[in-house]
Amino acid sequence: MHLIFANPAGWFALLGIPALVIIHLLQRQSRRVEISTMFLLEKQEVESRAGRRIERWRSSRLFWLQVAAMVLLSWLLSEPRWVEGGTLQRVAMVLDSSLAMEAFRSQTQKGIAADSATLARGAARTEWLLLESDNTRPPLYHGENRAEMLAALDQWRASLGPHDPAPALRAARVSVGDKGLVFFITYRPPPNGPLPVEAQPLAYAHALDNVGISAAGVELQNNQPVWHVLVCNQSNTMQKRAWWIESGPQKSAAQTLELQPGETLALQGAFPPNTERMTFALEPDGFTLDDRAPMVLPLPKQLAVAFRGPDDFIPYVKPIAQLIDNIAPAAEGTMPDLLFDLGDDPGFTPAAVARVHFSEENAATSTDDVHAHPAPEKHPLMDALNWSGLLYHPLKPLPRRKGDTTLMWDGVFPLITLNEEIGRGPTLIFNFDPRHSNASHLPAFVLLVNRFAEMARQGKAAYERNNFPAGLPISLVVPRDAREVKLEAPPPDAPAGAAPVAQDLPLASAGATRAPSPPEFFTVTVDGRPWVAGASQFPDPRESDFRDAREIPLRASAQVTREAAHSQPDLLAPVWLLALLGALLASWRETAPRLK
Amino acid sequence: MAATPTAASAVPPTTSAASLFAQHGFTREFRGGLQALAESIAPRLRLPLRAARSSMSGQWLGAGIGASLEFQDHRQYYPGDDPRHLNWAAYARTGQHTMKMYREEVSPRLDVVLDCSTSMFLGRGKARRALEIFAFVQACALRAGAMLRAYLADPASAHALPMDSLRSHAWDPLPPANRSAPPALDRVPWRAQSLRIIITDLLYPVPPQDILGHVLHSTGRAIVFCPWSKAEAEPDWDGQMELRDCESGERRLCQFSSARRERFQASYRRHFSLWDEACAGRGVALARLGEDGPLLDCLMKSALPVGAVEMAQG
């Protein structure tokens, strides 16, 4: 059994003792009296002859009564509790995986070390659970060894942009139970009010004046690659920063930016020739993750497109297909990546092909009816598309098949369907003939086809060179017969431009591979062949705004609520209270004659 | 009247009794008023002068056998007795030589010493009481026709007061002695068989026996009148006090609480109980007279019970 203090701030009452000393020192102005009985006093109080300070304090009963009252008051205010032997408490710490946490990495480690020591006193044994708010990752530590938990904390890296920590907090609550403590380790007050599942925020941060790269990319302008960058001053003061371009060993002359509070400045320039890589660099400040933007010259996967249908269909659909980026006609005798076809029966799509199928209207199925106002479903492919102007001739409903997802309804029948049957290629089915509709005049139609084509491009197993947000999935698709997949990137703690280190990726989860963090160039190889040449970039400018970052200390009140289950209050508290009252009364009695 | 102060170089100069006299307003006129007050009390209370005698016949009946006309007793004749006092009539009746004894008529001697240490005059009430007693003694002596000699004493010396100065109150206290010590009673030329009246507050760290030994020198009888004040017996010291001895000038810082005050009061009481015991053992009447109330009431209450004064006859 050992002692803890539920309200350690109560000990601040001891500061009253120096105040008492000062008050008594100020009262040292002695009353002067001329007497005739000094020799009697001499017999009685020899020790105070010199009026020595220690003796004065020692002989001042009033002073010692007041000191005793202060000590008792501090004791009572600090709410001592006795922790019983054998008790177990469960504490979960959910680390905010936001990249912004990297700005306060060392402070957070020290803060957790100190606060976990405080929390450990709440019970005889403590079971620690260290999680990330990125709930796709496994727990960092689970056990009763605090040192091991702190060691696991050293290995932790924040890698996400803005995200919702609630799922991870709920998982933590489930793990520690109702009586456990759940802390969310972050860098600012929770923006959406109190945290769920009675989780308590903890932060070891402070406001920073940050200037960083909000966005970076490469575009073709007049067939020439041009880099463009947005630099934002996320502070309340005017800031100056130097910037330059790095391309391999070459480095441009530094130039200076001057940004007013909150100002965003757009910069662009020609991509360096004869290279696929460049880095836009800002002079480092308190948060360095957004001070460098590595960029590669994008080379998307190319889609081989083929068309199948009546003669008047191909001229109709070809202009629509040509709006898709980076496509090429499929070679004769080869399987296309994207097939546009028109016919009565959608049939089945081969596995490596994505198909856009339109139903054909012929004499048997032709009708003079014109339908409008179809009802779209909620689906990523249909997001924010306006189909209100679509006019079409209704055709016979198609039979439903395995893997069908209806994207739009014509009354009770599917009008547009997405089929994703396992083992087959995705198929976007339009159950109307586009030649007898106004679909080609609707942006929604063109956008839907484009989105589907991009989906097909993502699903294609081919070499790709692109820029990716750090910490987010890169949609890696490897060949079915791949045996070895490796990610090559500089280690997280390495300085900029450090040599990459290869890391094996499990084949089963290769599709969930994320762009490495911190931002840097990386390469994915499949069986030794280059498969992805990428640059990870700081994902979200919201993660670089530290104006509302601040420290949130461990709330003792929240702690004791939980500690009540593991400890007992001091049973002598009423005695100490009576003693305090007694000391106050006695000191009043000492003071009363003087006041008279 | 001049006295050489005993220098205490390390301590600051002390307050003199003379300055206290001036501070309290004890002018000659004031002291004349006290004398008048004392003379009004003398008809009701008097000093026990019967034990004090002189070689000269006086108007007081002595305690011993004398030559007055007042018969006192008979006793058996012993060889050497004055044959003039043989009771021949008794011899005729009984055949025994019997002596007739008459009371002695005396003119008592009275030596009064006023302690002039600063402590005697520190508080006005106590100082006034001391002067009242001094005046009372004078008044009693005057009324009884006693042979009075008055002295002012300090720790260093004793100065005889001329009678004309005494009567005209034209005397001043002695200069400060700068030390806390008893009055120099050994310097007083006590007359044999005189009644010695000492007016002192007894506030000095000397065993009572040493003082009383000087007082009772040369077969005398002594009465000690001890004025005291409530301020010295029950001081209101509390908290941090800087105490200064009125005689030696010594300063001392003390922290006082109620318990410490009580310890001081116990020490004060113990000091005077020692004096009470010592005086009782030597037949010296010790009357402690407080500063409160009229002198008559104070004498009746505190001096009469211990025999320091007695009711005047008639």
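Student: How many helices and strands are there in chain B?
Tutor: Chain B has 9 helices and 12 strands. Helices (H or I, at least four residues) and strands (E, at least two) are DSSP runs, numbered from the N terminus. This is a predicted model, where local features need pLDDT of at least 70, side-chain atom pairs count only at pLDDT 80 or more, and totals for chains, interfaces and linings use all residues. Residues are numbered from 1 along each chain as its sequence is written, chains are lettered from A and ligands numbered from 1 in the order in which they are written, and side-chain values use heavy atoms, with hydrogens and water left out.

Student: And how many helices and strands does chain A have?
Tutor: Chain A has 11 helices and 31 strands.

Student: What share of the residues in chain B is buried?
Tutor: Of the 314 residues in chain B, 54% are buried. Buried means under 20% relative accessible area, exposed over 50%, and partly exposed in between (1.4 Å probe, protein chains only). For chain A, the share is 47% of 596 residues.

Student: What about contacts in chain B, how many join residues at least 24 apart?
Tutor: Counting contacts between residues at least 6 apart in sequence, 77% in chain B join residues at least 24 apart. A contact means heavy atoms within 4.5 Å. The value for chain A, counted between residues at least 6 apart in sequence, is 70%.

Student: New topic. Where is Asp341(A)?
Tutor: Asp341(A) sits in strand S19 of chain A, residues 338–343.

Student: Why does Asp341(A) count as buried?
Tutor: Asp341(A) counts as buried because its relative accessibility is 4%.

Student: Which residues does Asp341(A) touch?
Tutor: Leaving out residues up to four places away in sequence, Asp341(A) touches Arg308(A), Phe313(A), Arg355(A), Val356(A), His357(A) and Phe358(A). With His357(A), there is a polar contact between the two side chains, at 3.2 Å. A polar contact is a pair of N or O atoms within 3.5 Å; within protein, one must be able to donate a hydrogen and the other to accept it, and residues adjacent in sequence count only if both atoms are side-chain atoms.

Student: Is Cys246(B) buried or exposed?
Tutor: Cys246(B) is buried, at 0% relative accessible area. Cys298(B) also counts as buried, at 6% relative accessibility.

Student: Which element gives the most to the lining of the largest pocket?
Tutor: That is S27(A), with 3 residues.

Student: How many cavities of 30 Å³ or more does the structure hold?
Tutor: There are 10. The largest cavity has about 100 Å³ of space, and its lining includes Pro346(A), Leu398(A) and Asp404(A).

Terms used
On a 1 Å grid over the protein atoms alone, a cavity is a set of points where a 1.4 Å probe fits but cannot get out, and a pocket is an open set with protein on both sides within 12 Å along at least five of seven lines; lining residues have an atom within 4 Å of a point. Grid points are joined across faces, edges and corners, and a volume is the space filled by probe spheres set on the points.
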